[in-house]
There are 2 protein chains.
Amino acid sequence: MSARYIPRLACFALLIGLLASAPALVVGQDANPAAPSAATDEPNIRLAIHGGAGTILPENMTDAQEAEYRAALEEALRAGYEVLRNGGSATDAVIAAIVPMEDSPLFNAGHGSVFTADETVEMDASIMEGAMRNAGAVAGVMRTKNPIRLARLVMDESPHVMLAREGAEVFAEDYDIEFRDNEYFHTDHRLEALRNAQSDAGAAYPEASEAYLGTVGAVALDADGNLAAATSTGGMTNKKFGRIGDSPIIGAGTYADNRSCAVSSTGHGEFFIRAAIAYDVCAMVRYTGLSLAEAASAVIHGTLTEMGATGGLIAMDPEGHVAMPFNTPGMYRGVIDADGSVQVDIFRD
Amino acid sequence: MSARYIPRLACFALLIGLLASAPALVVGQDANPAAPSAATDEPNIRLAIHGGAGTILPENMTDAQEAEYRAALEEALRAGYEVLRNGGSATDAVIAAIVPMEDSPLFNAGHGSVFTADETVEMDASIMEGAMRNAGAVAGVMRTKNPIRLARLVMDESPHVMLAREGAEVFAEDYDIEFRDNEYFHTDHRLEALRNAQSDAGAAYPEASEAYLGTVGAVALDADGNLAAATSTGGMTNKKFGRIGDSPIIGAGTYADNRSCAVSSTGHGEFFIRAAIAYDVCAMVRYTGLSLAEAASAVIHGTLTEMGATGGLIAMDPEGHVAMPFNTPGMYRGVIDADGSVQVDIFRD
């Protein structure tokens with residue numbers, strides 16, 4: 001081994017240092033950068049969630065709508081926290097947090113999934129455990145009430161990581177998975193969004209900017225020191241051709257490794273795949289020694305922004321530090337600490 | 001920025017140094033570690049391919065069979081080289097190299113794809129360009145003669161990175177893509193393999209060890225200094241439930257970034273997904289300053305081997321260095337240099 005990596009790394013570290021100290025970081029989207037206090041006897045448990053990043057602006061949202069989102073985010077946080085507080089695993093906690101968001105019409109996942117061009121839903125989900133780096137994912141499932149539960153089943157009960165479309169649901173039939181017909185996934189506001197996308201005459205493809213808004217995700221640290229991450233989405237409004245985004249891609253939408261961090265991302269999925277966004281945060285933490293906040297910021301405000309793409313992510317390291325960078329006007333997000341205190345945010349500040 | 005990354009990186013570098021000097025490396029599977037000579041006026045072009053890693057042993061192969069594989073690998077190398085020598089792009093070169101392997105019955109891709117449990121084929125392919133990190137992939141396509149061409153079409157002509165199953169082929173119908181019926185993909189030796197897998201009474205899933213053997217891939221550096229990587233496979237014999245392996249996953253089976261390297265991997269796909277193998281090689285090169293050979297070796301002989309999984313990869317950096325580590329008895333592989341000289345290898349030595 002030569003020592004030549006030192007100048008190269010120093011260069012890289014300088015670049016990241018510049019990024020990490022950029023004004024974008026000062027405005028508060030990296031909520032809760034500090035780890036929970038270790039001074040108490042409380043176990044070092046923590047859970048963070050997101051409900052999608054995008055053009056979420058106070059002027060476009062009534063007080064009632066904002067309150068509805070805040071309540072839904074808090075409900076998800078408390079559901080995941082209950083698991084952690086009772087000594088449950090990070091895996092169980094991220095699922096417990098995601099299920100109510102999949103069951104809510106507010107988010108683009110499960111019940112509230114956006115429509116494909118055929119007025120069906122094609123949902124994607126993935127989960128990963130940091131201890132052994134086990135993972136499971138489903139892509140394009142059409143009748144699973146809670147795709148995140150199916151992703152977990154793939155992880156636990158199949159030798160595979162990723163199952164697609166009808167096959168994933170045929171696999172599920174031997175297990176305790178709830179199915180719903182297409183009507184369950186029909187929500188008026190998603191149909192309206194589809195009509196709007198389709199009336200955009202001449203547009204062969206949906207506008208990316210808002211069509212993917214509302215993906216949900218969670219990261220958690222349990223009392224045993226294990227991390228987990230999970231992501232669930234309905235994908236893009238008016239999607240065609242069996243498009244698979246980043247949410248079911250281990251390394252793009254979801255990653256967890258107890259040696260570095262757990263990540264769930266949300267945004268314009270194609271770019272998240274090309275940049276291996278979720279894994280990249282963990283790789284930076286592991287290989288460069290950057291802090292979680294520095295690495296997460298470098299990926300969103302550096303890599304993703306330089307590619308001209310938008311989105312955000314939530315990340316947690318083995319000490320419970322949380323980073324939640326995004327380069328959009330807003331991201332639905334929240335954190336619950338070991339003592340049960342909740343912080344929920346929607347806008348940039 | 002604190003300087004605390006230095007001890008952590010030094011630790012990591014020491015570990016990698018130990019790995020890179022392990023006996024496994026001495027036996028020659030990291031062929032052609034040196035870059036092509038820069039002393040001539042020849043452009044610095046190079047192409048490497050693989051045709052799968054697995055229990056490939058001299059005692060299990062007749063001289064005639066070995067000659068057949070060697071000829072097929074050389075044909076693929078020369079097809080890719082013709083593109084590079086005429087000033088073509090690395091993208092065109094990796095496709096030119098992969099198409100004859102997809103058209104050959106010898107490899108588990110295209111014509112020679114293994115059968116699913118339903119006696120159909122479900123083929124996966126992906127491609128990535130190092131310049132802008134554009135990428136395209138298809139998963140589970142059933143009637144496309146050359147899935148790698150369809151992956152490229154997704155990259156060039158759709159706003160998406162990944163399309164799955166019927167949808168991908170509906171997308172392809174508007175373009176010049178050749179389709180074949182299931183009979184074209186029927187080869188007697190693959191049917192026999194399926195029967196063997198199915199007669200393994202009580203086995204709910206195929207044995208992983210050999211069921212995925214024969215994935216093909218290519219990496220290339222063109223005269224403009226651009227890298228590209230591509231991978232194509234029929235997946236696992238007797239697969240069910242729409243299983244997607246690593247080959248169509250950008251970051252697992254395929255990655256290319258002009259700032260670090262181009263990688264195509266082959267092996268037990270579930271582990272390659274969980275470890276983000278292809279991206280990890282590039283991340284190590286970019287973030288730690290390890291050489292390509294050191295990083296590729298750390299990923300295969302370190303990460304993958306520690307997970308208890310088998311496989312290999314081919315990798316090329318912007319200077320044309322090639323690494324081809326594998327932890328199986330053999331890997332079909334070859335390199336062609338700027339002067340047209342070919343090296344083809346199958347076994348460990």
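Copies are superposed here by least squares on the C-alpha atoms of residues with pLDDT of at least 70 in both. I kept that in mind while opening this predicted model, where local features need pLDDT of at least 70, side-chain atom pairs count only at pLDDT 80 or more, and totals for chains, interfaces and linings use all residues. Residues are numbered from 1 along each chain as its sequence is written, and chains are lettered from A in the order in which they are written.

**Entry 1: the two copies**

I superposed chain B on chain A and found a rotation of 180° with 0.0 Å of shift along its axis, at an RMSD of 0.0 Å. That is the relation of a two-fold axis. I then saw that the same surface serves both copies, as 100% of the contact residues of chain B recur in chain A.

**Entry 2: the contact between them**

I looked up the contact (heavy atoms within 4.5 Å) and noted 57 residues from chain B and 57 residues from chain A. The two chains bury about 5,100 Å² between them, 63% of it on carbon and sulfur atoms; this is the accessible area (1.4 Å probe) lost on putting the two parts together, summed over both.

How many salt bridges lie between chain B and chain A? I found zero, taking a salt bridge as a side-chain nitrogen of Lys or Arg within 4 Å of a carboxyl oxygen of Asp or Glu.

The largest share, eight residues, comes from H9(B).

I also looked for strands that pair across the chains, which takes at least two bridges found by DSSP. Strand E7 (residues 243-244) of chain A runs antiparallel to E4(B), joined by two bridges. There, Arg243(A) stands opposite Leu163(B).

**Entry 3: strands within chain B**

I traced an open sheet of four strands in the order E8-E9-E10-E11 (chain B), with antiparallel pairing. Strands E8 (254-257) and E11 (322-323) of chain B stand at the edges with a single partner strand each, so one side of each has no neighbour in the sheet. E8(B) pairs with strand E9 (residues 261-267) of chain B over four bridges, and Asp257(B) has Cys261(B) as its bridge partner.

Last, I followed the hairpin of E12(B) and E13(B), with five residues between the strands. Gly340(B), in the turn, has a positive phi of about 85°. The two strands pair in the antiparallel sense over five bridges, and Gly334(B) stands opposite Val344(B).

Terms used. Heavy atoms only, no water.
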